[in-house]
Amino acid sequence: MITFLVLRFFIRNRILLEISTILSGCPIAGNVSMLCMEYNQDVTLVSKGICISTLLPMISIPIVSALVAIL
């Protein structure tokens, strides 16, 4: 919702504003794990983060979509 409240001052097109808000809640990219492996960092931790960031939007995106439609 913070994204929506901030972007509404910069984006006048309602559809573009709603799409930008919903996309901001999407999961992080898998490129993070590839970079982690490349630089010999904790791949397990990154994998957990990717998993969480994939599961949470299943709940948050419908809620944000409903709230954006109301506002």
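Guide: Welcome! Helices here are DSSP runs of H or I with at least four residues, numbered from the N terminus, while strands are runs of E with at least two. This is a predicted model, where local features need pLDDT of at least 70, side-chain atom pairs count only at pLDDT 80 or more, and totals for chains, interfaces and linings use all residues. Residues are numbered from 1 along each chain as its sequence is written, and side-chain values use heavy atoms, leaving out hydrogens and water.

Visitor: Where is Ser53 placed?

Guide: Ser53 lies in helix H4.

Visitor: What makes Ser53 count as buried or exposed?

Guide: Buried means under 20% relative accessible area, exposed over 50%, and partly exposed in between, with a 1.4 Å probe and protein chains only. Ser53 has a relative accessible area of 15%, so Ser53 is buried.

Visitor: Which backbone oxygen does the side chain of Ser53 reach?

Guide: That of Ile50, at 3.1 Å.

Visitor: Why are H3 and H4 called roughly antiparallel?

Guide: Axes are lines fitted to C-alpha atoms, for helices over the stretch in contact, and angles run from 0 to 180 degrees between N-to-C directions. Angles under 35 degrees count as roughly parallel, over 145 as roughly antiparallel, 65 to 115 as roughly perpendicular, and the rest as oblique. H3 (residues 31-38) and H4 (residues 43-55) pack at about 175 degrees, with axes 9 Å apart. Therefore H3 and H4 are roughly antiparallel to each other.

Visitor: Which residues of H3 and H4 meet?

Guide: Contact means heavy atoms within 4.5 Å. Val32, Ser33, Cys36 and Met37 in H3 meet Val43, Val46 and Ile50 in H4.

Terms used:
A polar contact is a pair of N or O atoms within 3.5 Å; within protein, one must be able to donate a hydrogen and the other to accept it, and residues adjacent in sequence count only if both atoms are side-chain atoms.
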